[in-house]
Amino acid sequence: MIVSHKIESFSLQIVSNYAGGGGYQMGFVYLYGENQNYLGYLGIVRDDKPLPQNIQRYNQTLNMYFHETELQSILDTLRTKSPVFIKFNTNSRWGSIETGKEAVGKGELAA
């Protein structure tokens, strides 16, 4: 089953010397839905370390993991696109950040 939530807002936490996540998690992007309902977080993991498995907690919040090289594109998507969704497959445990449909060439500069 695929769980999907529209992201309305987010907050960012970059941490130094964090002991959790095996000692190599370097940040979190906290995601919020309608009425500031907490949806879960994106854990940001050092590039040279394996990603932990994505999970859905008992309270239905999501913990999904990405390497640090993906952080800038994640933040760009959250800051500039709308709508944006977090999706999670409860069977295979893949997770994603997705945009809604956009017009082709939107925002292209004139030559």
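Q: In this predicted model, which residues of helix H1 are buried?
A: Burial is read residue by residue from relative accessible area, with values under 20% counting as buried. In helix H1, which spans residues 71-80, the buried residues are Leu71, Ile74, Leu75 and Leu78. Around the helix axis they cover an arc of only 95°, which puts them on the same side of H1.

Q: Which strands do the buried residues of H1 pack against?
A: Packing is read from contacts, that is, heavy atoms within 4.5 Å. By that reading, the buried residues of H1 pack against strands E1 (2-7), E2 (9-14), E3 (25-32) and E4 (38-45), and also against strands E6 (62-67) and E7 (84-89).

Q: How many residues does the largest nonpolar core have, and which of them have the most contacts inside it?
A: The largest nonpolar core has 17 residues, and those with the most contacts inside it are Ile7, Val29, Leu31, Leu42, Leu78 and Ile86. At least two residues of this core are supplied by each of E3, E4, E6, H1 and E7, and the largest share, 4 residues, comes from H1. Apart from this core lies another, of 5 residues, among them Tyr24, Tyr41, Val45 and Tyr65.

Q: What does Leu31 touch, leaving aside residues up to four places away in sequence?
A: With those sequence neighbours not counted, Leu31 touches, among others, Ile7, Leu42, Leu78 and Ile86, which are also listed among the core residues with the most contacts.

Q: Is Asn89 buried or exposed, and what does Asn89 touch?
A: Asn89, which is found in strand E7, has a relative accessible area of 12% and is therefore buried. A polar atom of the Asn89 side chain lies 2.8 Å from the backbone nitrogen of Asn91. Not counting residues up to four places away in sequence, Asn89 touches Met1, Ile2 and Trp94.

Technical notes. Residues are numbered from 1 along each chain as its sequence is written. This is a predicted model: local features need pLDDT of at least 70, side-chain atom pairs count only at pLDDT 80 or more; totals for chains, interfaces and linings use all residues. Side-chain values use heavy atoms; hydrogens and water are left out. Buried means under 20% relative accessible area, exposed over 50%, partly exposed in between (1.4 Å probe, protein chains only). The arc is that of the directions from the helix axis to the C-beta atoms. A nonpolar core is a set of buried Ala, Val, Leu, Ile, Met, Phe, Trp, Tyr and Cys residues joined through side-chain atoms within 4.5 Å. A polar contact is a pair of N or O atoms within 3.5 Å; within protein, one must be able to donate a hydrogen and the other to accept it, and residues adjacent in sequence count only if both atoms are side-chain atoms.
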